[in-house]
Amino acid sequence: MELKFTSFAFLLLFFARIGDAQPTASPGVFDVTKYGATTNGDISKAVLDAFKEACAATSPSTIVIPKGTYQMNQVKLQGPCKAPVELQVQAILKAPSDPKQLSADIEWLTVNYIDRFTLSGGGVFDGQGKQAWGQNNCKDSKSCSNLPNNLSFNFLTNSTIQDITSQDSKLFHINVNGCKNLTFIRVNITAPQESINTDGIHVARSSNVNITDCVIGTGDDCISVGDELEQLHITRVTCGPGHGISVGSLGKTPGEKPVVGVYVKNCTFINTDNGVRVKTWPASHQGVVTDLHYEDIIVQNVSNPIVIDQVYCPYNQCNKDLPSKVKISKVSIKNIRGTSRTQDAVLLLCSKGAPCDGVEVGDIDITYNGKEGPAKSSCENVKPKLVGKQNPPICAGAQSS
């Protein structure tokens with residue numbers, strides 16, 4: 001009788017404890033220092049080990065790289081993961097300064113195939129690119145040195161990159177490929193003006209990408225756009241130094257897919273080579289660029305504030321006698337104001353093989369105070385619709401309203 005009572009009591013206690021057990025509501029935290037990361041060595045393995053466990057977790061998880069300065073070699077974080085994953089970088093991460101210590105076929109930090117990924121933390125990705133820039137041979141060769149980008153995001157969905165800094169990348173700072181619903185917010189990108197081919201954010205083969213409240217200063221395009229892009233929204237971005245915000249270059253490679261829907265609004269360009277720019281190669285393959293909208297832009301001492309250049313041919317690596325076959329259409333350029341560093345405030349140089357269609361230019365007020373005279377515009381193979389103020393006068397003889 002006593003045995004039966006004891007067994008019954010044990011069962012009651014067992015099931016009571018099961019009932020009291022509740023799954024934790026807070027996400028799991030995976031601190032890389034618990035996986036062997038120290039400031040004295042390469043933390044790549046610790047990051048990979050922490051990510052492996054976080055990615056396998058069935059509830060949201062956070063990988064933390066705490067404050068401090070760490071060395072990190074090339075790391076690839078590959079999904080899919082079972083739940084949302086956040087990489088919180090509070091530290092300064094330094095890449096090897098010698099390019100020879102890095103593989104040429106992968107980036108410094110690569111993140112692939114994750115849904116609901118977040119990169120945050122206020123940290124710095126220091127690519128230590130100075131030594132690499134001197135090895136970049138773009139001016140002498142049709143193929144540039146294959147150097148790693150700082151950050152590469154591929155096939156991410158519903159993800160956010162926020163509150164981080166990319167510094168002195170060896171090549172592009174951030175490369176985006178095959179992503180959908182990706183947001184960049186409060187991202188800081190910095191490199192000196194002489195850092196060759198260090199595009200800030202390059203976006204291609206992606207849809208619904210938002211870049212907001214970012215400060216980008218580098219040696220090439222602050223933001224560049226490749227083919228097969230749909231719906232890119234760029235808002236409140238400050239660019240400088242750099243080559244501006246550029247769609248293209250396009251048309252160099254056969255089979256490029258259309259660029260549809262680029263919106264640039266409330267942005268500022270300071271001491272840049274260009275402001276808003278579209279560039280396509282002459283003697284190009286066929287392509288389509290449509291639905292480009294630029295509005296409420298400030299330019300301060302910008303060499304070419306507004307540029308459509310369909311004879312883009314850096315280092316004379318093309319045949320300028322043959323026209324570009326990239327068709328540009330449905331472009332609006334409104335409320336652009338400020339100062340130009342050259343007379344060429346507005347250049348709309350479209351292709352004779354595929355003239356621009358549906359271009360509207362309005363409320364332009366750009367001044368130039370050099371010895372050559374006032375600011376001017378140049379137009380080829382385009383008849384824009386003109387609205388509002390035109391300073392300088394845009395495409396004499398064009399339709400006005």
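First, the ground rules. The model is predicted, so local features need pLDDT of at least 70 and side-chain atom pairs count only at pLDDT 80 or more, while totals for chains, interfaces and linings use all residues. Residues are numbered from 1 along each chain as its sequence is written, and side-chain values use heavy atoms, with hydrogens and water left out.

Let me start with the rings. How many aromatic pairs does a search of the whole structure find? The search finds four. Rings of Phe, Tyr and Trp (for Trp, the six-membered ring) pair if their centres lie within 6.5 Å; planes under 30 degrees apart count as stacked, over 60 as edge-to-face, and the rest as tilted. I will take two of the pairs.

One is W108 with F125. Their ring centres are 6.0 Å apart and their planes stand at 85 degrees, so this pair is edge-to-face. W108 sits in the loop between β6 (92–94) and β7 (109–112), and F125 in strand β9 (residues 124–126), so the pair ties together parts 17 residues apart in sequence. Strands here are DSSP runs of E with at least two residues, numbered from the N terminus. Are W108 and F125 buried or exposed? Both are buried, where buried means under 20% relative accessible area, exposed over 50%, and partly exposed in between, using a 1.4 Å probe and protein chains only.

Another pair is W281 with Y312. Here the centres are 5.6 Å apart and the planes at 80 degrees, so this pair is edge-to-face. It links distant parts of the chain: W281 is in the loop between β24 (274–280) and β25 (287–302), and Y312 is in the loop between β26 (304–309) and β27 (326–340), 31 residues apart. W281 is buried, at 6% relative accessible area, and Y312 is buried at 17%.

Now the backbone. Most residues other than glycine have a negative phi, and most peptide bonds are trans. Some places here depart from that.

The peptide bond from G79 to P80 is cis, with omega near 5 degrees. P80 belongs to the loop between β4 (75–78) and β5 (85–89). N391 and P392 are also joined by a cis peptide bond, with omega about 10 degrees. P392 is in the segment after β31 (385–391).

As for phi, Q231 has a positive value near 65 degrees. Q231 is in strand β20 (residues 229–235) and is partly exposed, at 24% relative accessibility. N266 has a positive phi near 55 degrees. N266 is in strand β23 (residues 259–270), and its 37% relative accessibility makes it partly exposed.

Conventions: Helix = DSSP H or I, 4+ residues; strand = E, 2+ residues; numbered from the N terminus.
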